[in-house]
Every structure is written in structure tokens, then in C-alpha cells.
Amino acid sequence: MVNSEKTSTFVVPIRSIGPGQVERIETHLLALEPHDRYLRFGYAANDEQIRRYVAQLDFDRDELFGIFNRRLELIAMAHLAFSLDPKYNSCAEFGVSVAKSARGRGYGSRLFERAVMHARNEGVSMLFIHALSENTAMLKIARHAGAVIERDGPESEAHLRLPPADFDSRVTELVNQQMALTDYHFKAQAKQFWGLLTVLQDIRRGVRDARERVRG
């Protein structure tokens, strides 16, 4: 069961991401260093393998969550993959990646909590995490949530039994999603404003330079 005593002490805007964010997803994953790719995918994924992974994402079946910085760069991402087997439609698997520049802020934990909430609301009763045994950060997140971890040599399997959805989990997810969308729109507007300001400054500079040349 999810450990209810382990709750967030701060709020991070996390939004669902869809096909419109594919380029940002690919950019984020391609920017991961070799060892981070190894931990995220369980093998030393090259650029072509990452592009293939992104191309095969099923946004209709699965759910992806992202954290964006002020420049609207995707700095942390989670993939909640639902079981393809109808006999195990109450199961899902969690995977996460965080940009090197965004480490140490608890983003992996926040994404895990967000994914758990969504999984509960979608009727998932068992969440799996398949990770390399050396991926101590991911296994620590799972262990703190109350997951049972089984180690098999270089690989580990964590499974977390989820409680059924309730009114609180459904309302909380709606509120969090709306907050994240609002945050994203504010960042988009700010980026647009500063971009326009830069253009105007360039125009002004060009006009000033032209005047100086005429005077000279």
C-alpha cells in the first residue's frame, strides 16, 4: 500500500503531456548522458533507439507527465505505461528521467506521486518499477512509498499495491492538472513577452546603428 506518511512538502507543477510535446520529449531524452540513459532504459540506449522509443509512444493508452522550466524546456518526465495484456489491465509500469541540471530537487519523487495518483484514478491496483539494482535513487523512491523490492542480480523489480480511487484522489488530480496548465500558460506568455522584447531591442539597436552610420 502507498505510505500515506510520506507526503510532499512542496508543490511542483506537473502536467500531462501529449503528442504536441513530442519534440520536447525527444530533446529531453537525447540530452541525457550515457549513464543516465543506461539507468532510465536498462541498457546503453543510443540516439536512434531513443528516437524509436519516442516514435512508439502511445498517448492514447499510456500517460506521460512533465515538469517544465521557465524556458519551457522539459527537465523531468515520467512514463506511466499500462499493461497491454487484458488479463492484467489493473497493472502499470513507471519510468522516470530527470535532466542533470534539475537533480536534487525531488522531481523524481513528485513525478512518482503524480503517477500513483493517476494510476489509482484509472483503476490500477498494482504499480511496477523495473530498474537496475544500481539505480538507487529510483529504488529509494519506491521503497519510501512502501513498495516491495525483489533483487535479481543486476536488476530489481519493485511492486506497489495501490488503494482504490476516492473522492480526494480524483479532486486532487483535477486541481493539480489545472494548476500545472495555468503555470505552463504563464511561462509560455512570459517567454513570448521576453522574445518580443528582444526583437524590439534588436530593431532599436539597428535603427541607432543606422543613424550613427549616416552621421559618420
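## Close-ups of a predicted model

View 1. Skipping its neighbours within four places in sequence, A45 is in contact with R37 and I50 (contact means heavy atoms within 4.5 Å). This is a predicted model, in which local features need pLDDT of at least 70 and side-chain atom pairs count only at pLDDT 80 or more, while totals for chains, interfaces and linings use all residues. Residues are numbered from 1 along each chain as its sequence is written, and side-chain values use heavy atoms, with hydrogens and water left out. A45 sits in the loop that joins helix 2 (34-41) to helix 3; helices here are DSSP runs of H or I with at least four residues, strands are E runs of at least two, and both are numbered from the N terminus. With 6% relative accessibility, A45 counts as buried (buried is under 20% relative accessible area, exposed over 50%, partly exposed in between, with a 1.4 Å probe and protein chains only). L30 is 15 residues away from A45 along the chain, and their C-alpha atoms are separated by 9.5 Å.

**View 2. Helix 2 and what covers it.** Which residues of helix 2 are buried? They are D36, R37, L39, R40 and F41. The cover over the buried residues of helix 2 includes helix 1, helix 3, strand 3, strand 4 and strand 5. Just past the end of helix 2, G42 takes a positive phi of about 85 degrees.

**View 3. Helix 2 against helix 3.** Two packed helices are described by the angle between their axes and the distance between the axes. For helix 2 and helix 3, the axes come within 12 Å and cross at roughly 40 degrees (axes are lines fitted to C-alpha atoms, for helices over the stretch in contact, and angles between N-to-C directions run from 0 to 180 degrees). That angle makes helix 2 oblique to helix 3; under 35 degrees counts as roughly parallel, over 145 as roughly antiparallel, 65 to 115 as roughly perpendicular, and the rest as oblique. The crossing of this pair, helix 2 and helix 3, is left-handed (the near helix is turned anticlockwise from the far one by less than a right angle; clockwise would be right-handed). R37, R40 and F41 make the contact from helix 2, and D47, I50 and Y53 make it from helix 3. Sorted by class, the contact of helix 2 with helix 3 has 3 nonpolar, no polar and 3 charged residues; Ala, Val, Leu, Ile, Met, Phe, Trp, Tyr, Cys and Pro are nonpolar, Asp, Glu, Lys and Arg charged, and the others, Gly among them, polar.

**View 4. Helix 1 against helix 3.** Here the axes of helix 1 (residues 22-30) and helix 3 (residues 47-55) come within 10 Å and cross at roughly 150 degrees. Helix 1 and helix 3 are therefore roughly antiparallel. Helix 1 passes helix 3 in a right-handed crossing. On the helix 1 side the contact is made by V22, I25, E26, L29 and L30, and on the helix 3 side by D47, I50, R51, Y53 and V54. The class count for helix 1 with helix 3 is 7 nonpolar, no polar and 3 charged residues.

**View 5. The largest nonpolar core, and another one.** Among the 34 residues in the largest nonpolar core, F94, F112 and L127 touch the most other members (a core is a set of buried Ala, Val, Leu, Ile, Met, Phe, Trp, Tyr and Cys residues joined through side-chain atoms within 4.5 Å). At least two residues of this core come from each of strand 2 (63-68), strand 3 (74-82), strand 4 (91-98), helix 4 (107-121), strand 5 (126-132), helix 5 (136-144) and strand 7 (155-161). Helix 4 gives the most, with 6 residues. Zooming in on F112, and leaving aside neighbours within four places in sequence, its contacts are F94, L127, I129, M138, I141, A145 and L160. Apart from this core lies another, of 16 residues, including L32, V54, F68 and L74.

**View 6. L72 between two strands.** L72 is in the loop between strand 2 and strand 3. L72 is not a glycine, yet it has a positive phi of about 65 degrees. Its relative accessible area is 6%, so L72 is buried.

**View 7. L181 in helix 6.** L181 is found in helix 6 (residues 167-215). Is L181 buried or partly exposed? At 24% relative accessibility, L181 counts as partly exposed. S16 is 165 residues away from L181 along the chain, but their C-alpha atoms are separated by 8.7 Å.

**View 8. Zooming back out.** The chain has 6 helices and 7 strands, running β-α-α-α-β-β-β-α-β-α-β-β-α from the N terminus on. Of its 216 residues, 39% count as buried. Among contacts with a separation of 6 or more, 66% join residues 24 or more positions apart.
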